[in-house]
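Please read them alongside the coordinates.

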Amino acid sequence: MPEPTDTTAELIAPPPGIPNPLLLIAELTYRCPLHCPYCSNPTDIGAGKYQDELPAEDWQRVFREAADLGVLQLALTGGEPMARKEIVELVTTSTENGLYSTLVTSAMPFPKRRVEALHAAGLDHVQISFQHSDPALADEIGGTIAFDRKVKAAALAKELDFPLTVNVVLHRRNIDAIGSIIQMAERLGARRLELANTQYHGWATVNRDALMPTRAQLERGEEIVMAEREQLGPKLEILWVLPDYYEEVPKPCMGGWAHDAVLVQPNGDVLPCQAAASIPGLKLENVRDKSLAEIWFESESFNAFRGTEWMQEPCRTCPINRQHEDFGGCRCQALALTGDAAATDPVCQFSPHHDVIVRARREADEPEPEQPLPFVYRDLIKS
């Protein structure tokens, strides 16, 4: 197989109309102590495909190539990125190449000496996930005892003066606690709170019926968010992301297919988004074989749904001229709900398949069963 080099990116002239990526999502490993039922990791992570993890030197080369491509931001994620023993060396390489680095962590583990080493290596930002503001419910959702350790990790991040983001994935079982979640983020000293309603990919697809909130829950939640934003002002930035299923027009998934972001999986496969590997027939390239620039500009997978030329109707002649804004929505969601990755995202009110979204909303609004539906927990071994 050809040996990628650090200079390849410089030798490829960007084709007209293809932007350079701004964000590299580095999924360093799928190992994780949590078992969140909405995890975006693939549901086949236990099949062995991702256990041949990229060695540190390959990740370092990828970071250098990303910087050459114009990438500005690096998300170190997983799974749990702290499970990689070389994390400090990887952050050092990121810093040396001018990338703004964010550690997206469960904070398990988050040992002080190692976190101090990350600070010294130039890590720019820490994002810690929480599952709920109530310790017992948080541990139940995450599938392990973790809440108290997360609180201590947040305190350590603040002690070291890291900008801190608290991320809470919202769903039917925690959305009614938005007020207390905001108070928790304020107590922890977070600069930013991401209230990201579940998007239905990976394990969330398996658990959709147990996770999907009602419209009334979303409306109450949004009212609380608006009131808290006004009260807190710049003290705490609160990001509120609606679930696709309650929109009438789709979001531009990842800023558009192969438009803003590039994702590298633990085994080195390169994707335009977290779920792209679910699309049958999509040939994925690997950074062990080709440079990031070759893959970004020239690969079949990154050009499959780039731009608008591939679009079917009604996207191609969109009645409200949004095709250059939302790029047809999410390809993986279109596949999951229609069987065709090139179809208009059913979230769109003009999609001939929009009824599947309407039906899902209606089912979510049905009376709550006496016992909540059980979660199918993310499991690295049994998946």
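1. Arg173 has a relative accessible area of 27%, so this residue is classed as partly exposed. The model is a predicted one, and the values here are computed from it.

2. The partner of Arg173 is Glu140: the two form a salt bridge in which the closest N and O atoms are 3.1 Å apart. Glu140 belongs to helix H5 (residues 135-142), while Arg173 sits in the loop between E5 and H7, so the contact ties together parts that are 33 residues apart in sequence. Glu140, with a relative accessibility of 37%, is also partly exposed.

3. How many salt bridges does a search of the whole structure find? The count is 19. The pair in point 2 is one of these; two others are taken up next.

4. Arg288 and Asp52 meet through their side chains in a salt bridge, at 3.6 Å from N to O. This pair links distant parts of the chain, 236 residues apart. Arg288 is in the loop between E10 and helix H11 (292-298), and Asp52 is in the loop between strand E1 (23-27) and helix H2 (56-69). The relative accessibility of Arg288 is 23%, which places this residue in the partly exposed class.

5. Arg84 and Glu86 also form a salt bridge, with 3.0 Å between the closest N and O atoms. Are these two residues buried or exposed? Both Arg84 and Glu86 are buried. They also take part in a network of salt bridges that links them with Arg31 and Glu53.

6. Turning to the sheet: ten strands make up an open sheet with mixed pairing. The strand order is E7-E6-E5-E4-E3-E2-E1-E8-E9-E10. Strand E7 (237-241) and strand E10 (285-286) are at the edges and have a single partner strand each, so one side of each lacks a neighbour in the sheet.

7. In one of the pairings, Asp269 has Asn286 in E10 as its bridge partner.

8. Which strands does helix H7 touch where it packs on the sheet? Helix H7 (residues 178-188) touches strand E4 (125-130), strand E5 (164-170), strand E6 (192-197) and E7. The direction of H7 makes about 165° with that of E5. The loop between E5 and H7 is also where Arg173 of points 1 and 2 lies.

How values were computed. Residues numbered from 1 in each chain as written. Predicted model: local features only at pLDDT ≥ 70, side-chain atom pairs only at ≥ 80, totals over all residues. Heavy atoms only, no water. Pairing = 2+ DSSP bridges. Helix = DSSP H or I, 4+ residues; strand = E, 2+ residues; numbered from the N terminus. Contact = heavy atoms within 4.5 Å. Axes fitted to C-alpha atoms, helices over the stretch in contact; angles between N-to-C directions. Salt bridge = Lys/Arg side-chain N within 4 Å of Asp/Glu carboxyl O. Buried < 20%, exposed > 50% of the residue type's maximum accessible area, 1.4 Å probe, protein only.
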